[in-house]
Amino acid sequence: MMLQKFYNSVRSKKQNRNNTITELNADGFSTTFQKNSFFEMLKLKTNRYKRDAKGFIFEGITLASALIIVAILIVMLVVIFNGGKSMFTWEFLTTFPKEGMTKGGIFPAIYGTALLVIIMSIAAVPFGTITAIYLTEYARENSFIARSIRFAVRTLAVIPSIIYGLFGLGFFIKYVGTGMDSVFLGGHLKWGQPNILWASLTMALLTLPVVIVSVEEALKTIPRELREASLALGATKWQTIRKVVFPGSISGILTGAILAVSRGAGEVAPILFTGAAYYLATLPGSLSDQFMVLGYHIYIMTTQSANVDQTLPIQFGTTMVLLLLTFSLNIVAIILRYRIRKRRIA
Amino acid sequence: MNKIKQIISKLTGLFRKQKAMPGDKIDITHKRFRWSDFIAEKIIKGVAFLSITIIILIFFFVFRESFPIFNFGSKDKPKTEQLTATKNQNNTANQNPQQEQYGVETTAPEKQEQYGAETSEPAKQEQYGVETTEASQQEQYGVETGKDSLMMGENKTPNEATESGSTNASNKQAIKTLITKTWQPVSDNPRYGLLPLLLGTFKITIISLLFAAPLAILAALYTSVFANKRLKEIIKPTIEMLAGIPSVVIGFFALMVMASFLQNLFGYATRLNSFVGGIAMGLAAIPIIYTITEDALTAVPKTYYEASLALGASKWQTAFFVILPAATPGIFAAVLLGIGRVFGETMIALMATGNAAMMGLNPFESVRTLAATIGAEMAEVVFGDTHYNVLFLIGSMLFIFTFIINAIAEFWVKGKLMKKIQGK
Amino acid sequence: MKTIKIQTENMYLHYGSKMALNNISISIPENKVTALIGPSGCGKSTFLRSLNRMNDLIDSVKIEGNVFIDGINIYDKNIDVVNLRKKVGMVFQKSNPFAKSIFENVAYGPRINGINNKNELTEIVETSLQNAAIWDEVKDRLYDSALGLSGGQQQRLCIARTLAVNPEIILMDEPASALDPISTSKIEELIHELKDKYTIVIVTHNMQQAARVSDYTAFFYIGELIEFDKTKKIYTNPDKKQTEDYITGRFG
């Protein structure tokens, strides 16, 4: 009923608009309008009423699609926050799981996640930044090398995360790790097994493209005039990068780091078999220890736990914590990025 | 003495920082060598190749682990048998320290046989069982080279060790079962039929695309053409926020909420099936398809839009008949990358598809995807065994597939888009 | 007797396949102000940028011919471009101070030359700012951001920044094109004062400005040097018809 009314009102508005067009008929506008090859090409009827009804429907469809996506997102957030909010207490965040993970908190998972993203950032941020500096400052825009690196970066961004997991297993654990064991420890098994270091490095590879793209975007916002000014004063290229380009790109590096952390905190597939543990009674003390992590915790609690219904609140609580973490990081990154983009226009 | 002093002062002069005082004449006729610039440039250039190196390494190491499955005929393989046994022991029978020692100290064939029999895992037993025809020969070999390989164990890289010879026979078997309809890696008679996994993956991909692609493309059309600026600034970041949701969270939502909801709605029998999984993965693919489509749509020159409007076409006609066709290659790339995302998605597949390797075409049946198979089974598999190699083979397939998809999206589609927009 | 500071011989410059400078031969005298005039796109800015090899930064640029500064060919392969640019400073059309304090902007050049002594730096900064006639306006806020200055002040700060490196030649690419009349006249005065110590080459759109500040004037047209002579002569009695047309405002 309401829709009908709305539809009618829109239709009458559209008709009004048509009237203004028909008024133009006097000066020959209409003839060109109808004979135009553009419309013949499109095989459109000149019946304007029909066209506008169609327009209303088509525009409505696109709007509906956008709204459906937004609605799904909102429903998802509401359901998860609704289910998790009762668990969201200080105790939940700071205690260990108890009684076969059916009670207690998720502190080791939070700790493990934090450790994971810190080690990951230490590895990914400098490498990503340097690659971005190469792409914007050293490489010629259309040179073969720059194009191959860009292609490589984009490929890295689309490789499924599980492949990184396989790579972490095949390269870090079985090649580097076991190699280190046999060289330094005489074959004693220490590094040749899943641990937090290998998991973090695997994750660093996964998040490298995120950092590169963000930093590159920030570097491009630094005006060419500033680089020229520095060079014209007799600064070398490296001095220019260090003193003019780099300070101007710090917000971009920060954005990249935050986005990378947000991605790394949420990904599970790469660490499934490179270091994440089901349950540990102690926090990881060294780089060769396994660790618990939020995403993996959600996964095992929902699929491998003995009594899924009993632990449902914990699952919702953990999911909510993870979502809050990634969302807040994303929002910070979006704000930073918005500021960088504004600077480019200014 | 004076000469030495001169040399010293020359040398120290080399390292002293050259200060250009005001009024100094600056020498421009000789290229000065600047260490910091030189080193910085070398480091930056070196690091820049990292991303390329990583890709090559991924290629190499993922393939390398899957390679033994094709290599069962190779002569030098049995050499590593001993090591593999030790290695396997480390992983599967860690609880038993005596056994661990055994592998290092003795080479007696009977004991090795015994070890095989002792392992708790049925899959392993099976492997040793199948081997019987070749067993005596291999054991003989073990006696001869046992000591050598033990000494080599110190230096050998583990990977060589795991390019397992012990699984030669089962590899032979496995490769025959690759193109069958059963995926039963852990059984008395392991079968590694990839067909149900492939079918499952394609089923999921199609379902999720049918769900995600129209929604995302139409939404992108709305924000880039119809929406006013304010609405656009709300909708666009919101949809992009979807990209920030970890897939494990989407998986959780699908498993705990969506599955029951959809089951109640449609009343099918299995709660977790390819339909639920497909929709959930669609949620993961939407932001990718949306963002790239949006970019492609906004890249269409404004003149197209204005020209069409000036000819009297309405907004929606312009949108559907001018802008959308002009951006087709970009949208195609978006869908391709969406496919890549769904194809390789692991966590959602693990959590929401039911994980049963079935051959049916019914969308309301459980399925198992390629990526989920790796995710679920890799943690329990014995390093270097056939099952392990097959999982890496699946990984290689996924890698090649996404690599090709990305290459197409990057080069072919981009070239086409440029052509179309520039009208060349 | 005037000494020649900059001399070019049969210089050609291409952007990709497009010729931007065609057979330029010119001798620019020392401690004088030389103005380059001509309609936009005539290559005068390109010519200016090739005097301290700023065009090296653009990939597609190719240069043939010789450019001598103090008798040294600056396109010789042994030339140290970084030191060349210390010797040949440049002030850009759009004022481009770094996002640092006023002090740090001026101290940037000395610092990259290895001067880190605070007293020394302060001295250099003060003299440079005085020479650029901006000291009185900024002496109380040396440590405020340079971006807070007005357009004219920013441009004079950029000149001070160039002076701090102690160059011999200063290239100015339309330094006053974006400024109000008062700031413009201040810059012009400044140029007048600076020419005792420096050789100045200035590109300008504004013919009155060229007449006011310069001793010599070169007229460029579509990549060619049409005429080069004393400013007075160019403005009163040019040899070429094209120059006369341009100066009297018949085109351009």
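1. In the classes used here, Ala, Val, Leu, Ile, Met, Phe, Trp, Tyr, Cys and Pro count as nonpolar, Asp, Glu, Lys and Arg as charged, and the others, Gly among them, as polar. By these classes, the lining of the second largest pocket has 23 charged, 19 nonpolar and 4 polar residues.

2. This is a predicted model, in which local features need pLDDT of at least 70, side-chain atom pairs count only at pLDDT 80 or more, and totals for chains, interfaces and linings use all residues. Residues are numbered from 1 along each chain as its sequence is written, chains are lettered from A and ligands numbered from 1 in the order in which they are written, and side-chain values use heavy atoms, without hydrogens and water.

3. The second largest pocket holds about 1600 Å³ of space. Among its 46 lining residues, A:Glu137, A:Leu231, A:Lys237, C:Asp56 and C:Leu57 are the closest to its centre. Elements giving two or more residues to this lining include helix H6 (107-138) of chain A, helix H2 (35-48) of chain B and strand S4 (61-69) of chain C.

4. Chain B has 20 helices and 2 strands (DSSP runs: H or I of at least four residues, E of at least two). Of its 424 residues, 53% are buried, that is, under 20% relative accessible area with a 1.4 Å probe, protein chains only. Among chain B contacts (heavy atoms within 4.5 Å) with a separation of 6 or more, 74% join residues 24 or more positions apart.

5. In helix H7 (residues 144-158) of chain A, the buried residues include A:Ile149, A:Phe151 and A:Leu156.

Technical notes. Buried < 20%, exposed > 50% of the residue type's maximum accessible area, 1.4 Å probe, protein only. 1 Å grid on protein atoms, 1.4 Å probe; cavity = no way out; pocket = protein on both sides within 12 Å on 5 of 7 lines; lining within 4 Å. Points joined across faces, edges and corners; volume = space filled by probe spheres on them.
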